[in-house]
Amino acid sequence: AIGLTLLVGRWASMVFSNWQWFAALDALPVYRSELAHEAAWRAGAAVVVFAFAFLNLYALRRSIISLVLPRRIGNLEIGEAVPGPILVAVVVGVSTLLAIVLSSPPGDWTTFAFARIAEPFRDMDPYLDRDISFVVAWLPFETELHDWSGTVMVVVSAMIVTLYALTPSLRLRRSGLYISSYCRRHLSSLAAIGLILIAWRFRLDGLSMTSIGTDASSPFGAYEYRLGMAAATWASVVAAAAAFVVFWGGWHGYIRVAAVAGLAGCLGGPLLVGALPLLTGRALTAAERREQNRPFAATRRLFTRRAFGVDEMVDGTTQAPSGVAPLAMAAGLPSWD
């Protein structure tokens, strides 16, 4: 109770002090928006985490026929079976705890807010054939959503594997690793979900190349347009297909097929994406790469000029039109100028 009081008190004091600070700046709508978006994210994330953790923990509980704990009465030690409703209550409690811990926003609240309220730019990305608002507003939020999903997946999966290791369903024997059919199906389902997250990651990497290139030192160019985006797409397809094979093989007991498909989905895509720059880098000279990247550099310059309104700037030697006040003329100039 004391710990809960301290946590609630700390949160309340932060909200109060921030409220007073934004009120002093006459910017309370900004802080209200922050509270609303963080509350919406935490509520939605908590529901998702609770559902995912509860389904996995309840499936684990179904594999336990009975849980016997020792009780000592005097000098006698008697085994007592834990009632089923208590086990279900433990599942609900652990799921609730995970929902509270893992519902924190993965990044700044403005990313979520911008993805929700951003209006279309009414200008298309020439390579993705999508509105630029998709790259500027939605893609960063989707990337943070993927990172948060990966964290939830790793935490829940690690807990499930650890709990299975405490039961007879998953044992390391002298003859090898023993895994029951129920545990095998459960873990293969989790592995398939993990491969789907890997496929999602490759999709995001391919879409992000138009804004960040292959890495921070390599802007978007001929390689990314002709090979990089295609390689990321194929890696995503391979990982998604491997997820289906892992689920099917694990469910029907084809362990080797599932293991090979899992390794292909985890390692095939990264090897393909990592090997292509090395192969193409040796095939072309520096002059040939500059020549191929010339149209892409020109496109970047064009969009930069449009972003800063360079073509609309008026220099100091231009005569003002008759009948136009200086302030009205200045209102049409970019503030950067």
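Tutor: A residue is called buried under 20% relative accessible area, exposed over 50% and partly exposed in between, with a 1.4 Å probe and protein chains only. At 71% relative accessibility, Asp 26 therefore counts as exposed. This is a predicted model, in which local features need pLDDT of at least 70 and side-chain atom pairs count only at pLDDT 80 or more, while totals for chains, interfaces and linings use all residues. Residues are numbered from 1 along each chain as its sequence is written, and side-chain values use heavy atoms, with hydrogens and water left out.

Asp 26 sits in the loop between helix H1 (2-24) and helix H2 (28-62), helices being DSSP runs of H or I with at least four residues, numbered from the N terminus. Although Asp 26 is not a glycine, its phi is positive, near 60°.

As for the helix pair, the axes of H2 and helix H6 (residues 181-212) come within 10 Å and cross at roughly 160°, where axes are lines fitted to C-alpha atoms over the stretch in contact and angles run from 0 to 180 degrees between N-to-C directions. H2 and H6 are therefore roughly antiparallel to each other, a term for angles over 145 degrees. On the H2 side the contact (heavy atoms within 4.5 Å) is made by Phe 52, Asn 56, Ala 59, Leu 60 and Arg 62, and on the H6 side by Tyr 182, His 186, Leu 190 and Ile 193.

Technical notes: Helices (H or I, at least four residues) and strands (E, at least two) are DSSP runs, numbered from the N terminus. Angles under 35 degrees count as roughly parallel, over 145 as roughly antiparallel, 65 to 115 as roughly perpendicular and the rest as oblique.
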